[in-house]
Amino acid sequence: MRYHFVVCMKQVPMVSELPWDSRSGRLRRDLADGMMNPACKHALEAAIQLKDRHGARITVLTMGPVMAEEILREALAMGADSGILLTDPKMAGADTMVTSFTLARAITRECPDFDLVLCGCHTSDSETAQVGPQLAEELNVAGVAYVEKLDLQHHTVRLEREADDFLETIEMDLPGVVTIATQRYTPRYASLGGLQEAFDRDSITVIDAQGLGLTPEQIGRNASPTRILDVYSPAAQKENIVMRGSAKKVVEDLLDQFGDQIAAAIGKDLKPNG
Amino acid sequence: MRRFQNSIWVYGDYRNYFQNRVTLQLLARAVELAPEIDADVCAVIFGHSVDDFVGEYIAHGAQKVYVIDHPDLKTYSSETHAALLTHLSRRFSPEIILIGATDFGRELAPRVAKRLGTGLTADCIRLSIDDNGLLIQTAPAFGGNLLAKTVTPACRPQMATVRPGTFQELPHNDDAVGDIIPVTMPEDLPVPRARLMRSERIPKRAQRLEDAQVVVCGGRGMGSKTKFKKLFELARLLGGEVGATRPVVYSNWIAHDALVGQAGKHVHPQVLFSFGVSGAIQHTAAIADADLIVAINKNPEAPMMKMADTAIVADANQVCSSLIRELKRRIRE
């Protein structure tokens with residue numbers, strides 16, 4: 001049997017390149033360079049390894065601005081077979097609830113024969129780790145998060161994961177959704193030649209809201225139950241205490257002011273000075 | 001007369017209790033928030049023979065505990081718990097549901113939110129109530145470099161997962177009384193499509209940098225490989241671990257697995273000491289979650305000093321020696 005895997009991925013801003021308005025502590029996200037979210041790369045690597053062993057077709061799927069096509073090209077260079085880009089200004093501002101709804105709609109329409117959906121366990125920007133589990137709900141299939149190892153067995157998949165100090169072995173029915181942790185499945189590099197070839201290939205489908213049969217009320221910020229009130233840099237707002245003087249004096253000042261907090265962290269009492 | 005009493009629910013996550021205290025911590029915060037929206041504080045728990053936990057929840061602030069106790073609930077399954085929590089929430093309509101951001105909680109919560117069609121904020125580190133009675137949920141993004149405040153204006157319940165250790169549990173109160181509300185197991189519970197075959201507790205391993213409660217980070221400002229070694233003595237005194245910046249790792253002052261940064265370990269200790277670190281964003285992105293940051297650097301303008309809670313303008317190496325001496329004198333064993 002030949003499997004069909006769908007790998008969901010997200011383009012995230014490169015953290016070292018974050019264009020920062022240091023006065024307001026705000027991020028100029030519009031100016032940031034994008035990259036494939038690291039955990040999504042691990043998910044793709046897991047899919048490619050399964051493809052090598054069992055034979056499969058891999059579709060990579062992302063929702064984002066037009067430039068998110070770059071990460072789909074990179075995925076093709078790594079070993080994916082085709083890509084789907086969901087892009088539409090009306091899709092912007094979607095929270096995890098609406099993102100998982102939109103991705104599920106694309107999967108049921110474009111990849112109805114899918115066996116396994118693989119996602120990264122979390123993104124480096126919003127870090128919610130919610131889209132994978134919500135996608136499983138939306139598709140009404142099995143779902144397991146933080147998977148470290150996958151072993152396909154016809155209509156089920158055997159999974160290993162670490163969760164809360166337990167090593168778990170789980171048998172999951174197919175079709176299903178897994179989110180992949182970043183301990184194993186170290187991603188391969190896409191070769192330059194592979195990248196060049198990937199940019200020439202005609203294997204990316206671009207779909208907008210209408211193409212998914214969705215109205216503006218069902219997607220993006222409009223449909224999202226959560227509202228972000230404010231995003232700020234805690235560093236920019238931090239009350240910063242500055243200590244100066246000899247090494248002996250600053251250490252005494254430090255332990256006088258923060259001795260309790262340090263004692264709590266080390267789980268031992270500190271005698272007062274003197 | 002109001003038909004419904006508002007309520008704040010805390011999901012009873014008891015796997016790994018006694019180490020896992022997050023349910024008690026959330027009850028404590030719920031007790032503080034409840035008067036602002038005139039709500040009861042309730043715990044919900046699913047399992048088999050869970051009376052001890054029910055008692056603990058009441059002793060730590062729960063006024064009501066909803067209990068589904070059934071032999072089929074012996075294994076912890078997020079699929080089953082999601083079905084049960086959804087069922088109870090539909091029946092009793094809580095205003096807020098708080099869930100500990102354990103691995104289990106972070107898998108469970110999004111499934112429940114999806115079924116209830118409501119909003120969810122992940123891994124909150126602050127919770128408060130605004131003037132309109134909405135729950136303001138503050139959570140980190142970009143490795144703690146940014147904090148986002150989120151609300152769920154219209155959908156109910158308002159749901160959040162909350163990072164363990166964020167709030168202090170209340171002292172155990174033996175005299176506390178609470179209502180225990182047994183709920184019968186729904187009959188139409190679906191058979192889980194993901195089945196736990198085996199579960200072993202992972203043997204306790206040597207403390208890892210990323211789990212340490214105290215981290216001592218060193219940069220090139222420590223001066224030399226020999227001087228850098230002092231940080232190990234300091235870490236030993238503090239029961240902590242040593243981390244390093246990229247230049248230090250490249251200079252072979254310490255092994256590569258001690259790298260703290262975007263490409264290395266992310267740490268979230270209670271206290272982080274930063275000796276002679278200038279603070280490139282790849283490094284600061286990986287430490288921003290620390291509760292207290294103490295930075296020591298000769299240059300007061302270094303980015304690391306700007307993001308520290310306490311910036312000590314001095315020679316990192318001298319302060320390290322002085323701190324070791326002073327701690328040896330003051331720590332009561």
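**View 1. Helix α3(B) passes helix α4(B) in a right-handed crossing.** A crossing is called right-handed if the near helix is turned clockwise from the far one by less than a right angle, and left-handed if anticlockwise. Helices here are DSSP runs of H or I with at least four residues, strands are E runs of at least two, and both are numbered from the N terminus. In chain B, α3 covers residues 78-92 and α4 covers residues 103-116; their axes come within 9 Å and cross at roughly 45°. That makes α3(B) oblique to α4(B). (Under 35 degrees counts as roughly parallel, over 145 as roughly antiparallel, 65 to 115 as roughly perpendicular, and the rest as oblique; the axes are lines fitted to C-alpha atoms, for helices over the stretch in contact, with angles from 0 to 180 degrees between N-to-C directions.) On the α3(B) side, look for B:Ser78, B:His81, B:Ala82, B:Leu85, B:Thr86 and B:Ser89, which meet a set in α4(B) that includes B:Phe104, B:Leu108 and B:Val112. By class, this contact has six nonpolar, four polar and three charged residues. Nonpolar means Ala, Val, Leu, Ile, Met, Phe, Trp, Tyr, Cys or Pro, charged means Asp, Glu, Lys or Arg, and the others, Gly among them, are polar.

**A quick note on the model.** This is a predicted model, in which local features need pLDDT of at least 70 and side-chain atom pairs count only at pLDDT 80 or more, while totals for chains, interfaces and linings use all residues. Residues are numbered from 1 along each chain as its sequence is written, and chains are lettered from A and ligands numbered from 1 in the order in which they are written. Chain B averages a pLDDT (the predictor's confidence in each residue, from 0 to 100) of 92, and 97% of its residues score at least 70. For the complex, the predictor gives an ipTM of 0.87 and a pTM of 0.83.

**View 2. Here chain B meets chain A.** The contact takes in 73 residues of chain B and 71 of chain A, where contact means that C-beta atoms, placed from the backbone, lie within 7 Å. Helix α4(B) turns up again, giving nine residues, the largest share of chain B's side. That side divides into 35 nonpolar, 18 polar and 20 charged residues.

**View 3. Helix α8(A) packs against helix α10(B).** Residues 247-266 of chain A and 316-330 of chain B form these two helices, whose axes are 9 Å apart at an angle of about 50°. The pair is therefore oblique, and the crossing is right-handed. From α8(A), A:Val250, A:Val251 and A:Leu255 are among the residues that meet α10(B), where the partners include B:Val319, B:Leu323 and B:Glu326. Six nonpolar, two polar and three charged residues make up this contact.

**View 4. Chain B has two domains.** Domain 1 spans 6-182 and domain 2 spans 209-330, with bounds from an automatic or database domain assignment. Their C-alpha centres lie 35 Å apart. Five residues of domain 1 are in contact with five of domain 2, and the domain 1 side has two nonpolar, three polar and no charged residues.

View 5. Most residues other than glycine have a negative phi, and most peptide bonds are trans. The bond from A:Leu174 to A:Pro175 is cis, with omega near -5°; A:Pro175 is in the loop between β11 and β12 of chain A. In chain B, the bond from B:Arg156 to B:Pro157 is cis, and B:Pro157 is in the loop between β8 and β9. A:Glu127 has a positive phi of about 55°.

Note on methods: Two residues are in contact if their C-beta atoms, placed from the backbone, lie within 7 Å.
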